Amino acid sequence: MGTKTADETGAETGAEATTDEEKVSVTKSADDASEAATEAGAETGAEPEAAAAGTEAADGTDADLDAENAENADDAEDLEDDADLAGDLAEAEGPSGVGQGAGAVVSVVLGLVSLTGGWIGTVAAARETLVGQLQTSSTASVATQVKEVYGDAWQTTALWAGLFALASLLTAVVVLARPAFGAPGKPQAPWIKSVAWAGVALGVIGLLLAVLKYSDALLGLPSTS
């Protein structure tokens, strides 16, 4: 009765072995669960770090863009300042062209006065006529009276017309030659050249007519014979 049989002993041994295997399985399951939790934690921790790194990269990109925009704005302002400074220097160094334009207009006006006559020429001619009447006696010949009363007056008119024509010509020449003595590389306005050349033409024509009239080659005194 007190002795166990071989079958009972084997059954107990098998039961103990089964119990040990269950314990080992439970232990392995616990270890696997711990490792999985550790890995999950590691992955969870990596994701915030990756997100933080992405946020920092985005912030850095925005900062670079802002810095680049600021540099571009500074460069644009510097260019505008340089352009303004260059314009101011050009205005300060080079002629503005106002004086040249005025001179060209004056030359044209003088040329027109030489051709059409002015009040000073009219007064001078009338004065010469009066002088001729006062200095010529009534007993003088007709040729002498005509010359003293009319011829001298006409020559006086031609003289003043020639002076106006000469002034027109000289003024126009000075305007055309002015850029050669001004700021280099600054061209003269086309309209100034055109008006100045018109003054030259009027001056030459007026001077030629004045010389012809003064020498009696044009509209000379009539013959009294």
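Visitor: Why is V175 called buried?

Guide: In this predicted model, V175 has a relative accessible area of 6%. Buried means under 20%, so V175 is called buried.

Visitor: Where is V175 placed, and which residues does V175 touch?

Guide: V175 lies in helix α4. Leaving out residues up to four places away in sequence, V175 touches Q100, G103, A104, Q188, I192 and A196. Each of these counts as touching because contact means heavy atoms within 4.5 Å.

Visitor: How many residues along the chain lie between the positions of V175 and G97, and what separates their C-alpha atoms?

Guide: V175 and G97 are 78 residues apart along the chain, and their C-alpha atoms are separated by 9.9 Å.

Visitor: How do you know that the span of α2 is close to the expected one?

Guide: Helix α2 has 19 residues and reaches 27 Å from its first C-alpha to its last. The expected span is 1.5 Å times one less than the number of residues, and for α2 that is 27 Å, so the reach of α2 is described as close to the expectation.

Visitor: Which residues of α2 are buried, and what covers them?

Guide: The buried residues of α2 are Q100, G101, G103, A104, S107, V108, L110, G111 and S114. Their cover includes α4 and α5. After α2 comes G117, with a positive phi near 95°.

Visitor: What is the reach of α5, and what is expected of α5?

Guide: Helix α5 has 25 residues and reaches 36 Å from its first C-alpha to its last, close to the 36 Å expected at 1.5 Å a residue. Its buried residues include I192, A196, G199 and K213. The buried residues of α5 pack against α2 and α4.

Visitor: What makes the contact between D152 and K147 a salt bridge?

Guide: The side chains of D152 and K147 meet at 3.5 Å, N to O. A salt bridge requires a Lys or Arg side-chain nitrogen within 4 Å of a carboxyl oxygen of Asp or Glu, so this pair qualifies. In general, side chains of opposite charge can pair when their charged atoms come close.

Visitor: Is D152 buried or exposed, and how is K147 classed?

Guide: D152 has a relative accessible area of 13%. That value falls under 20%, so D152 is buried. K147, at 43%, falls between 20% and 50% and therefore counts as partly exposed. D152 is found in helix α4, and its contacts beyond four places in sequence are E128 and K147.

Visitor: How many salt bridges does the structure hold, and which residue meets D216 in one?

Guide: The structure holds two salt bridges. Besides the pair D152 and K147, the side chains of D216 and K213 meet at 3.8 Å, N to O. That distance is within the 4 Å limit, so this pair is also called a salt bridge.

Visitor: Why is K213 called buried, and why is D216 called partly exposed?

Guide: K213 has a relative accessible area of 15%, which is under 20%, so K213 is buried. D216 stands at 32%, between 20% and 50%, and therefore counts as partly exposed. D216 is placed in the segment after α5. Its phi is positive, about 65°, although D216 is not a glycine.

Visitor: What is known of the largest pocket, and how much space lies in it?

Guide: About 340 Å³ of space lies in the largest pocket. Of the 22 residues that line the largest pocket, S114, L115, T157, A158 and A161 are the closest to its centre. The elements giving two or more residues to the lining are α2, α3, α4 and α5. Helix α4 gives the most, with six residues.

Visitor: How do the lining residues of the largest pocket divide?

Guide: The lining of the largest pocket has 13 nonpolar residues, eight polar and one charged.

Note on methods:
Residues numbered from 1 in each chain as written. Predicted model: local features only at pLDDT ≥ 70, side-chain atom pairs only at ≥ 80, totals over all residues. Heavy atoms only, no water. 1 Å grid on protein atoms, 1.4 Å probe; cavity = no way out; pocket = protein on both sides within 12 Å on 5 of 7 lines; lining within 4 Å. Points joined across faces, edges and corners; volume = space filled by probe spheres on them. Helix = DSSP H or I, 4+ residues; strand = E, 2+ residues; numbered from the N terminus. Nonpolar A, V, L, I, M, F, W, Y, C, P; charged D, E, K, R; others polar. Buried < 20%, exposed > 50% of the residue type's maximum accessible area, 1.4 Å probe, protein only.
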